[in-house]
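Have a look at the model before you start.

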Amino acid sequence: MTAPNTAGWRPEMGPAQHPDHEDAPRLTHSGDRALMLEEALIFELGRFDATGVDIDEPELEPMSALSGFLRQAAPALPGLTEPETVRHYTRLSRQNYAIDLGPFPLGSCTMKHNPRLNEKVARMAGFADIHPLQPVSTVQGGLKVINELAHWLITLTGMQGVAMTPKAGAHGELCGVLCIKAAITARGEDRTVMLVPESAHGTNPATAAFAGFSIENIPATAEGRVDFAALTARLGPDVAGVMITNPNTCGLFERDMKAISDAVHAAGGYVYCDGANFNAIVGKVRPGDLGIDAMHINLHKTFSTPHGGGGPGSGPVVLSKALCPYGPIPFTELFEDGHLTLVEEETAATRQPHSFGRMAAFHGQMGMFTRALTYILSHGADGLRQVAEDAVLNANYVLRSLDDVLDAPFGAAGPCMHEALFNDDNLPDGFSTLDIAKGLIDEGFHPMTVYFPLVVHGAMLIEPTETESKAGLDRFIGSMRSLASRAKAGDTSLKSAPHFAPRRRLDETQAARRPVLAWRGDSGE
Amino acid sequence: MRYLPLTQDNRTAMLGVIGAATIDDLFVDVPAEARLSGPIAGLPLHASEMAVERHMGALAGQNLSAGAAPFFLGAGAYRHHIPASVDHLIQRGEFLTAYTPYQPEIAQGTLQVLFEFQTQVARLFGVEIANASMYDGSTACWEAVAMAGRVTKRSRAVLCRGLHPHYAATVATMAKFTGDTIDYRTPKLEAETDTAGVIAAIDDQTSCVVVQYPDILGRIPDLAAIAEAAHAKGALLVAVVTEPVALGLLEAPGNLGADIVVGEGQSIGVGLQFGGPYLGLFGCREKFVRQMPGRLCGETVDAEGKRGFVLTLSTREQHIRREKATSNICTNAGLCALAFSVHMTLLGGTGLAKLARVNHARAQQAAQRLAQVPGVSVLNTAYFNEFTVVLPRDARDVVRELAERKILGGVSLGRLYPAAGELANGLLVTATETTTAEDIEALATALEGVLA
């Protein structure tokens, strides 16, 4: 464990040394405090007549045929010059925590380092500045990127094909579920039930419901896995399939996965696997060998495309032989002479006659494909396997370095995969998971995922990823142990953490009760 | 391996702490018969940064980029100049490598940007509120149809003929599975939109009318008339804007009676990128807020009374409501929303208005010049920066022949509507501020050659 930072203030030292007190003034004239910078809204800073872009004078007046359609007044959007704009967003950026600043151990989110080569490649003019509807003869390199990435994804998962167009994980789930629905319809059957374990991500039941299925929950066993007996007992002619996350959201591998797949198939259903946690097993096991029919892959998790403060994501879906005929258009097709084409509306009727259709405009998240392929080529087959091993090693190291001070509900049963799960059982009365999370903010870390999965009370789900060093993990572990002991000592300053962040705890109740979703300061409302 | 910080000594020491002899002891739950014994055969091994950059650079070099040729494509994706500061700011690690702002105390940067973005989108669209973005315009369009169903408790949607066919296909795909009825027909090659036809299709079971503005052929539909007709039947008007720069010149859909306005935000701040990632815009009247899909950022105060922002109304969302959520959406398009917001801040309303007028002027110049090409006629009475020309033969062939002359001459209607033979001679041509007089002359001259 690292030594405590003796130079800085920590809450357990008591209030006397807080920089807000004694020899330091509490307030400044500006409201800023050295590098802690406040920033107004653009609507308070900008002027309606200002612009930071020099634009030529229009050569012609609007055509007369437009006269009835012209905007009565320019949109009430304030503008800023370039220096003001750069400063506004740079100051705002400093109020964000990010992977580039430290560990971001959000369970189930795989917040790994985003290699900068990926960004450089995505900005090459040949990728960044091509239009989706250019003649295919002028975008052969773009189609090759899609095709090459598709080949990697199919091979790494041991599946038959891949739908590349889904725009995020949940969109990929929808793609997989629509393939299942189309396959069942093609068999002339009407199966209306989707089985979803209670530990599933919320997107799973939301997706299946969106596609018109009714949802039935499957319970978990005491050791955090799908209850195989309960699942097989529920199978029948009304069950379309099951949506399972593997490794699951408790950070455990579903040992019975192959038996589950076999049972579901025998009962006429399909197996959807939520691939959010693929990072734990890439290169170690192929989902296709476990009987999976469809699995989305979050390129923004396993394959390091940036999360960007909430997207964009990308969620290609690998498909089994049984589901491939129903996959969406468009997709790439490789000819013997090496040239590629797109199977889209024009040729779909002959090339993919059973496709369930189109999920979105154009051909998918190309900007994410270039980044993910760059990441994959950097690692290669050997490096990707090392990724999974180091991710699992880091998680188990965290698990065993904390399980004497925090309760690990499934820790006794064996190793975890890529994330370590704790609950709030060992926290004293009056202290909650939320307090530990907010305390981590003061310690300079992003909190872990909290209160998920729902099957564990006060869950704390820690996913360090493979890009954390041992020294970085030791610092994090030291902070976690300090927080656990402060809670045990009844340190109430933890209840009001964070103390050092740009904001204290925010009033979410007020935000939801009286929603203010847009700035109205200039309209007198 | 340059991205993996653990050393062999680290790994050994950590296995010791864990009490495992080998790394495979941590994978005991994976059935032995499914465990791979080594790197998957037939795939390349790790490579240096230089080697990967060389490989990817070679692939990029096989594409004809828009900046390297006279370029006239649109149809839902538009090439505009993006100020250098936009890309610089979105590459700041604090934005690029942050997650969804679930811990608001250390995510005020992203949250304030989203609040500003929502306000910008709402004002651009002329509606009261907007969400924190969706995947893209086409999926936002589907979400609008679904939302109109929730609001009106009806399930029949009328899509105007001028809706982008990919958008219509996306809506149709989803409707197949939800049981909604979709009334949609391909457009006719006519100078004006079919306002009377749209109005005639609205009945007492109609949840919404979806109208693209400007439409896929570049025409400007009469939103106000359609809004009035829709409202008279208790239906909502969903306006779809695939080229938001147009709203610097044209009246905002919300001011013409649209109840929900969705769009593709790619034009502002986000590059072409071969079709994605793009940026779904979604705005509506405030009274519908609890039926909205997607994330919303709201203003509140912290424990010291300071203004701050949080994700709010999450009781609509999947991670709380699960199968009862308004949408299954989890990820939005945060970084693209940031790019949009930065670019819009640089432009301001004044800059946007001027940019729109320059786009419209260049389109007029292009239309006037192309109309002089023998055998070519301009279809539209009115347009913004995109219009349809009718050629004497199949535009798909013409586009290919132009490409052989290194001219990216537009989007053929045959590619968008392969089943509609009567549209085959139509070509969509777009001009923006990036289009020069030389580009227009090059297209016209090449077209004269190809059609001769």
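Domain bounds here come from an automatic or database domain assignment. Residues are numbered from 1 along each chain as its sequence is written, with chains lettered from A and ligands numbered from 1 in the order in which they are written. This is a predicted model, where local features need pLDDT of at least 70, side-chain atom pairs count only at pLDDT 80 or more, and totals for chains, interfaces and linings use all residues.

**Exercise 1.** Describe the domains of chain B and how they meet.

*Solution.* Start with the bounds: domain 1 of chain B covers 68–81 + 349–451, and domain 2 covers 84–344. Next, the centres of domain 1 and domain 2 of chain B, taken over C-alpha atoms, are 27 Å apart. Then count residues in contact (C-beta atoms, placed from the backbone, within 7 Å): 31 residues come from domain 1 of chain B and 26 residues from domain 2 of chain B.

**Exercise 2.** Find how helix 5 of chain B packs on helix 11 of chain B.

*Solution.* Helices are DSSP runs (H or I, at least four residues), numbered from the N terminus. The axes of helix 5 (residues 108–125) and helix 11 of chain B come within 9 Å and cross at roughly 60°; axes are lines fitted to C-alpha atoms, for helices over the stretch in contact, and angles run from 0 to 180 degrees between N-to-C directions.

**Exercise 3.** Size up the contact between chain A and chain B.

*Solution.* Chain A has 174 residues in contact with 169 residues of chain B. On the side of chain A that touches chain B, helix 11 (residues 366–402) of chain A gives the most, 22 residues.

Note on methods:
Contact = placed C-beta atoms within 7 Å. Helix = DSSP H or I, 4+ residues; strand = E, 2+ residues; numbered from the N terminus.
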